Amino acid sequence: MPEKMETQRYWKGIQDMKLRIKFAKFGAMRFIGHLDMMRYFQKAIRRAEIDIAYSEGFSPHQIMSFAAPLGVGLMSNGEYFDIEVRSYTTSRDMKNRLNRVMAPGIEVLNITLLEEHEKNAMASVAAASYSVRFRENYEPGFDWVSQSALFYRKSAIPVTKKTKKSEVSLDLKPAIYSMSAEIDEAGIPVMRLLVDASSSGNIKPSLVMETFLKENGEELSEFALIITRENTFTNIGTEEEPKLVPLDAVGKSF
Amino acid sequence: MRKLALRDEILLRVEKPARYIGNEVNAIVKENEKVDVRMAMCFPDVYEIGMSHLGIQILYDMFNSFEDVWCERVYSPWVDLDKIMREENIPLFGLESQEPIKDLDFLAITIQYEMCYTNILQVLELSQIPLIAKERTWEYPIVIGGGPCTYNPEPIAEFFDIFYIGEGETRYRELINIYKEARRKGVSRTEFLRRAAKVPGIYVPAFYQVEYKEDGTILAMKPTEKGIPEKIVKEIEMEVSDTYYPRKPVVPFIKVTQDRVVLEIQRGCIRGCRFCQAGQLYRPVRERDVEMLKKYAIDMLKNTGHEEISLSSLSSSDYSKLPELIDFLIEECRQRNINISLPSLRIDAFSLDVMSKVQDVKKSSLTFAPEAGSQRLRDVINKGLTESVILEGAAMAFKGGWTRVKLYFMLGLPTETEEDIRGIGDLCNKIASTFFETVPKEKRVNGKVQIVASTSFFIPKPFTPFQWAGMCTKDEFLDKAYITRTSIKEQLNQKSIKYNWHEADASVLEGVFARGDRKVSQVILKAYEKGCIFDAWSEYFNNDMWLEAFEECGVNIGFYTARERELEEVFPWDFLDCGVTKEFLKREWKKARNETVSPNCRMQCQGCGANRFAGGVCFEEKQM
């Protein structure tokens, strides 16, 4: 018989508490799609014996909300989802408990407690930062590190964004909060991007890169980019004067 | 981290890359330097099907419990990756190590249905292993086959070094020890196979020769050397409560067919339906201890995080401690928000009560498997389900709120007449009438009842009382499906009845493989070379290509299917002994034609021969 939670401290609020879980995704796990990641965590939470809250009804499901879906093939150091729990121990204990049952390539980085009024992870997402590198043998033929500054300095970057049904023309410029190229610790050129990731204005880093290359007369080939999402942000400022902070900055450690 | 066998560009191009990366929770990764023997267990179909198979999970767990063995998994690459691997000459790899299969010691393939035969060739070819066993040297793994289809291994005998006949828990350790010894001493591959052939339950096709009569039937099958057994008795695990069973099954990332904890409660079946091969092969019935099952259920749920548990057996209603087990599961699963999925139980007051507790009555359906439309024919096949039992069960269920009924039948059973077939429509109609009689108008949910009748085509299988029977041709099958459909349309309640029937071409082919001999292997090879693959998938099954292959090889389909066999005929599988005697099967075949039923194992022993295994139901105290 599984024992009750092996805890030193055990709190239970009057109502269910909201926790925000931050995790990294890398290695073979890059090839697991968003829906399968949700299923993966549902099972992981049971294995870790987290006291998650369930919905009412004939087939209750775990109360869980994921922030921004991550495309297949991408790595991440800043993925988030929220859960509601009926009881909890400490950030550290719960993090350890989850990490003990993870598959290689997923690491839980942080767990914070949310105030009752906080919006759920999905609704909170405003922006995401990315590191973009070129796969070997796919590097552009021009000096893209120095060209990137010129590109970002433009006052408007018009593109056509293809959706499933139609094509939309839009200006990328206001959706890119920052863009700069540098050489990383390993000596590899990397583009750092911070772009809109809200449900209404989500911009894929590959679209920025494609447009950038096109500006310089090159075609972006399908598998050229190695993309890592570095973090996901929420806006605690206003729409006019956004102040972007990581999604777990609004929670507190416990 | 392990390096994946496939480049990112390939994984991003194929459907469901998660099929090929391994890395699942509870997958076992060992250090190459610390093991002596490396093997891969293969299910020759796509990942989602293969991962749902309990047998592989049991054996995977067993092999990896041996410290000196590392066992991985491999499945058929789906058609998209298959094409890329051929174009780029990428060798098939084990999911755990991502290293080529061809470098391992053993490739063990479970053969669960005949329609996967071309996929066996696919796995061998993509692994870059010669398709024909005789062409393999020590450079290649030993290819072993196991599973129900190996009870007639002859159509695929040329492709395998070894067949393991029976349940896998008992002899693999011995076989691996012989292998290690052989490699250490540097003996030839043939010498290793010779030693293996002397292990009980092991069949090495290369050491047997078949002689045929002029009419194409078998004159004799004999070992080519002294010391090789003439008869091979199946292996069986008699200690089912104290044997290998996975406490930590591998948890797939993508949705697979059987996406839940599976608890095998017993092996075998007491019923003795005469068409059913499993009912004979797994005799005698052996129940697992209920305390063991409770413990495993909790452990497996905890170690996998699955949200559902299901019971597995050929006939769960016959498990003697079923109420105790189900009560326990209901209680435990309610606390954990786990669903219980019940296998098709016999419909009675007990099962309806249980089902109403664990599923949404409005959404679920009842399942009956009368298999034949008339009582006469049900007696022939020894299916002890009577019309009154079905109608009473249905009435009870309708009162309980169910409105959907599924019925399974077979067409083409021995002695079947048009009247028997018309009985299917009659029975469906009576069930619908029962609904309208039982449930008053104001209480009818959605106002109606839904009855779905499905028919499959009967295929005689080895080691059943019907192994002598003739099988229908495609046209006969289709005529029977047509009669079924017409007779349903004639019913008063026909609007409540939906009818589905199975494809006939694939059934004919399955019939050839089921009772085929070594001559059939060239057809399989030829069809594969023409491009046949994933034959179990209707969208890939190409009947014309198969017919061409038979034609070109000069192999006559009717010889294997339509022909009723003489009682004296030597069958290709007669060198195997599955526990029940041929004499018993002959008696049952005779009783079938006399429309006489046989009581089940708990009611009265029929002397099938399985009591020689000294355990199970044969030695239970008789319950009166």
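# A guided tour of chains A and B

Start by selecting chain A, which has five helices and 11 strands, where helices (H or I, at least four residues) and strands (E, at least two) are DSSP runs, numbered from the N terminus. This is a predicted model, in which local features need pLDDT of at least 70 and side-chain atom pairs count only at pLDDT 80 or more, while totals for chains, interfaces and linings use all residues. Residues are numbered from 1 along each chain as its sequence is written, chains are lettered from A and ligands numbered from 1 in the order in which they are written, and side-chain values use heavy atoms, with hydrogens and water left out.

**Chain A as a whole**

With chain A still selected, the C-alpha trace spans about 65 × 40 × 35 Å along its principal axes. Of the 254 residues in chain A, 51% are buried; buried means under 20% relative accessible area, exposed means over 50%, and partly exposed lies in between (1.4 Å probe, protein chains only). Among the contacts in chain A with a separation of 6 or more, 71% come from residues 24 or more positions apart, a contact being heavy atoms within 4.5 Å.

Colour the charged side chains next: chain A has 33 positive and 34 negative ones, and the centres of the two sets lie 4 Å apart. In this count Lys and Arg are positive and Asp and Glu negative, with His and the chain ends not counted, and each charge is placed at NZ of Lys, CZ of Arg, CG of Asp or CD of Glu.

**A strand residue in chain A**

Select Ile176(A), which is placed in strand 8 (residues 176–183) of chain A and is buried, with a relative accessible area of 3%. Leaving aside neighbours within four places in sequence, Ile176(A) is in contact with Tyr152(A), Ile157(A), Leu193(A), Leu194(A), Val195(A) and Val208(A). Val145(A) is 31 residues from Ile176(A) along the chain, and their C-alpha atoms are separated by 17 Å.

**The nonpolar cores**

A nonpolar core is a set of buried Ala, Val, Leu, Ile, Met, Phe, Trp, Tyr and Cys residues joined through side-chain atoms within 4.5 Å. The largest one has 179 residues, and those with the most contacts inside it are Phe41(A), Ile83(A), Phe63(B), Leu107(B), Ile111(B), Phe192(B) and Trp546(B). Centre the view on Ile83(A), whose contacts, apart from neighbours within four places in sequence, include Met17(A), Leu19(A), Ile45(A) and Ile63(A).

**Helix 17 of chain B**

Move to residues 521–530 of chain B, which form helix 17, and show Ser521(B), Val523(B), Ile524(B), Leu525(B), Ala527(B) and Tyr528(B), which are buried. The cover over the buried residues of this helix includes helix 4 (79–88), helix 5 (117–126), helix 16 (504–514) and helix 18 (543–553) of chain B. After helix 17 of chain B comes Gly531(B), whose phi is positive, near 120°.

**Backbone points in chain B**

Most residues other than glycine have a negative phi, and most peptide bonds are trans. Select the pair Arg283(B) and Pro284(B), where the peptide bond from the one to the other is cis, with omega near -5°; Pro284(B) is placed in the loop between helix 8 (278–281) and strand 12 (286–287) of chain B.

Asn382(B) has a positive phi, near 65°, and its place is in the loop between helix 12 (375–380) and helix 13 (387–399) of chain B. Ala614(B) also has a positive phi, of about 55°, and sits in the segment after helix 20 (582–593) of chain B. Asn382(B) is buried, with a relative accessible area of 6%, whereas Ala614(B) is exposed, at 59%.

**Strand 15 of chain B**

Ala369(B) is found in strand 15 (residues 366–371) of chain B and is partly exposed, with a relative accessible area of 24%. Show Tyr408(B) beside it: Ala369(B) and Tyr408(B) are 39 residues apart in sequence and 4.6 Å apart in space, C-alpha to C-alpha. Not counting residues up to four places away in sequence, Ala369(B) touches Lys383(B), Leu385(B) and Tyr408(B).

**Last stop: the cysteines**

A search of the whole structure finds zero disulfides over all chains, a disulfide being a pair of cysteine sulfur atoms within 2.5 Å. For Cys149(B), the closest cysteine sulfur is that of Cys116(B), 6.1 Å away and therefore too far for a bond. Cys273(B) is likewise in no disulfide, and the nearest cysteine sulfur, that of Cys276(B), is 6.3 Å away. Cys149(B) is buried, with a relative accessible area of 8%, and Cys273(B) is buried, with one of 12%.
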